[in-house]
Amino acid sequence: MPDVGSGRPGWLVLRLSVLELWRNPLGLVLLAVIPAAFIGMIWWTASTEPLLLKIFFGNETQQILLTQRQIGLVFVSAAVSGFLAAYYALILFHKDFGYFRFCAFMGLSAVLFTSARFAAFLGITAVLAAVTTCALGYITTLERPFMVFAGFLFITVIYGAYGGVVGVLSRSFMPALLWIVLLAQLDAGWLQNPVYYSAAQESDVIHWLPAFYPCQLVFSAAFTSRDNAAAMSGSLVWAVLTVALLIAVVQWRMRGPLGAGGPFD
Amino acid sequence: MSHPPDARIRPASAAAQALANAEQGQTCSPLCSCVDLHLSYGRHCVLDGCDLLVSSREVVGLTGENGSGKSTLVKCLLGFLRPSAGHVHCDPRVGYCPQENYLHRSYTVAEHLRLISSLRDADEPVDAGYLGHCIATLKLDRYLAYPIRKLSGGTYQKVKLLTAIAHRPALLVLDEPTDGFDWTMYLVFWDLMAELVGRGTGVLMISHLLHDRERFDRIYDLREGKLHA
C-alpha cells in the first residue's frame with residue numbers, strides 16, 4: 001500500500017503553508033531582487049547632505065541630524081519589507097482559498113486553519129524583519145539593532161495582515177497586488193519620508209497611517225538611545241487591530257457566503 | 001440496485017412519503033432528503049417544491065439541463081445555501097466530489113491525501129488499507145509524488161473522486177464525477193461505487209448526461225424548478 005502517511009491537521013497545514021511559500025519561485029526571486037533593487041537605488045542615488053529629522057516620542061519630539069541617504073534607507077526598507085510581507089500574506093490567504101474551504105467542509109477547523117496559516121505568516125514576517133535589519137545594519141550603524149528589528153517586525157505584521165485582508169476579500173490576484181503595492185509604497189515609501197515629501201513631519205493625518213509608529217520606533221532605536229514607548233504602544237495597537245481584522249475576515253470567508261462559481265471557488 | 005425494477009421509477013412527490021416511511025423504519029435509513037424545497041434568487045424561482053430522498057445502499061441520479069438548478073439543489077442539501085422554504089436533512093458523514101477544480105495546485109497528490117486523511121480523524125478515521133486499495137484501483141500510485149498542477153484532466157478527476165470516497169462516507173454526493181475518464185476508468189468508477197453501496201453507502205450522482213440508467217435505483221430530472229422521477 002502506498003504510504004501517504006497521516007498527522008495532525010494543524011501541523012500539516014503549517015508544514016504545507018511553508019512549502020507553498022518555498023515552492024513559489026516568484027516569491028523567492030522577489031525576496032532577493034526587491035530589497036537589492038530598492039535599497040541599492042537609494043544607496044547609489046540619495047544625497048549625503050544632512051537633514052533634520054523629527055522623531056516623535058508621544059507629545060515630545062526630538063530632532064536629529066541624519067543624511068538623506070540614512071533617512072531614505074530606513075523608509076525604503078520599511079516600504080520594501082511591508083510590501084514583501086503583504087505579498088506573502090496574499091499568497092497564504094488568497095491563492096487556492098477554495099481548497100481550504102473544501103477542507104473546512106471535510107472537517108478542518110477554521111480556527112486551526114487560521115492559526116496554522118498565521119504561524120507560517122509570522123515566521124515569514126520575522127525572517128523579513130531580520131533580513132531588513134541585517135541589510136540596514138550592514139549599510140549604516142544601528143544604535144540598538146534588536147529594537148530596530150522590533151520596528152520592522154511591526155511593519156511586516158501590520159502590512160502582512162493588510163495584504164492578507166486584501167487577499168481574502170479580493171477575487172483576483174492582480175488588483176489585490178496593486179492594492180498592496182500602492183499602500184505600502186505610498187505610506188512608508190513616500191508620505192512618511194521627509195526626503196521626498198516636505199509635509200511628512202507636519203501633517204497630523206500622516207500620524208494615523210499604519211507605518212508611522214513602526215517607522216518612529218525604527219528611527220528612535222537606530223539613531224538615538226531613548227526608548228520610545230509611544231511608538232511601541234502605537235505599533236502594538238496597529239498590529240493587534242490589523243491582525244484581528246485578518247482573523248475575522250478569514251473566519252468569515254471560511255464559513256461565509258459562496259463564490260459565484262461554486263462553494264470552493 | 002437494491003430495489004426491484006418496478007420500484008426504480010416513482011413520482012418525485014413520493015419521496016416525501018418514502019421519507020415518512022423511512023422515519024417509521026419501513027425502508028433503508030434515509031441519508032439525505034428534502035421535502036417541498038423552495039429557493040428563489042430575487043423573483044427568479046430556481047427550486048419550486050422539490051422532494052428528494054437518498055437512502056442507504058441506493059444509487060440515485062439527478063439530471064437536468066444546464067442551468068436547471070442541479071448544483072443549487074445540491075448546495076441546499078449540503079448546507080451551502082439556505083432554502084427559502086422546505087425541510088432538508090443530510091447525514092454529516094458525507095463525501096463530496098464537486099464540479100469545481102478546487103485542489104491545491106502547489107501540493108503533491110500524497111500531501112493532499114495526507115491532509116484530507118487527517119481530517120475527521122476522531123470520528124471517521126481513514127482506513128489505510130481501503131485508501132491504498134482505492135489508490136491502486138484508480139492507478140494513482142505513480143502520481144503520488146506529482147504536483148497537482150501537473151496532473152492531466154482525467155487524473156485530476158480521479159484525485160477528486162478519491163478525496164470524496166477516502167473516508168468511506170455514509171453518503172456520497174458526486175457532481176459530474178466521470179468527466180475526463182476513459183472507458184476503462186468509467187467501469188472502475190462503477191466498481192468502486194458498487195463496493196461502497198455494498199457496505200451501505202448511499203450515492204447521489206449529478207450529471208446533465210446520465211448513461212447506464214439501469215445502474216441507478218432512481219433518477220430525478222430537474223425541470224423548471226420541479227423534480228420529476
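Which strands of chain B form an open sheet, and in what order? In this predicted model, the sheet consists of 3 strands in the order β2-β1-β4, and the pairing is antiparallel.

**Stop 1: the sheet of chain B**

Select β2 (44–55) and β4 (85–90) of chain B, which stand at the edges of the sheet. Each has a single partner strand, so one side of each is left without a neighbour in the sheet. Direction ignored, neighbouring strands of this sheet are turned by 15 degrees against each other on average.

Over 5 bridges, β1(B) and β4(B) pair in the antiparallel sense. To inspect one position in this part of the sheet, pick B:C32; its bridge partner in β4(B) is B:C90.

**Stop 2: the helix on the sheet**

Now select helix α2 (residues 70–78) of chain B, which packs on the sheet. This helix touches β1, β2 and β4 of chain B. The direction of α2(B) makes about 120 degrees with that of β1(B).

**Stop 3: where the chains touch**

Display both chains together and select the residues in contact between them. Chain A contributes 27 residues to the contact, and chain B contributes 30 residues. On the side of chain A that touches chain B, the elements that give two or more residues are α1 (9–22) and α4 (97–105) of chain A. The largest share of that side comes from α4(A), with 5 residues. Colouring the side of chain A that touches chain B by residue class gives 15 nonpolar, 7 polar and 5 charged residues.

**Stop 4: chain A as a whole**

Finally, hide chain B and select chain A. How many helices and strands does chain A have? There are 10 helices and 2 strands, and along the sequence they follow the pattern α-α-β-β-α-α-α-α-α-α-α-α.

Orient the view along the principal axes: the C-alpha atoms of chain A fill a box of roughly 70 × 35 × 30 Å. The radius of gyration of chain A is 20 Å, which agrees with the value near 18 Å that a compact globule of 265 residues would have.

Colour chain A by burial next: buried residues make up 47% of its 265 residues. Among contacts in chain A between residues at least 6 apart in sequence, 74% join residues at least 24 apart.

How values were computed
Residues numbered from 1 in each chain as written. Chains lettered and ligands numbered in written order. Predicted model: local features only at pLDDT ≥ 70, side-chain atom pairs only at ≥ 80, totals over all residues. Helix = DSSP H or I, 4+ residues; strand = E, 2+ residues; numbered from the N terminus. Rg over C-alpha atoms; globule rule 2.2 N^0.38 Å. Buried ≥ 20, exposed ≤ 12 C-beta atoms within 10 Å, placed from the backbone. Contact = placed C-beta atoms within 7 Å. Nonpolar A, V, L, I, M, F, W, Y, C, P; charged D, E, K, R; others polar. Pairing = 2+ DSSP bridges. Axes fitted to C-alpha atoms, helices over the stretch in contact; angles between N-to-C directions.
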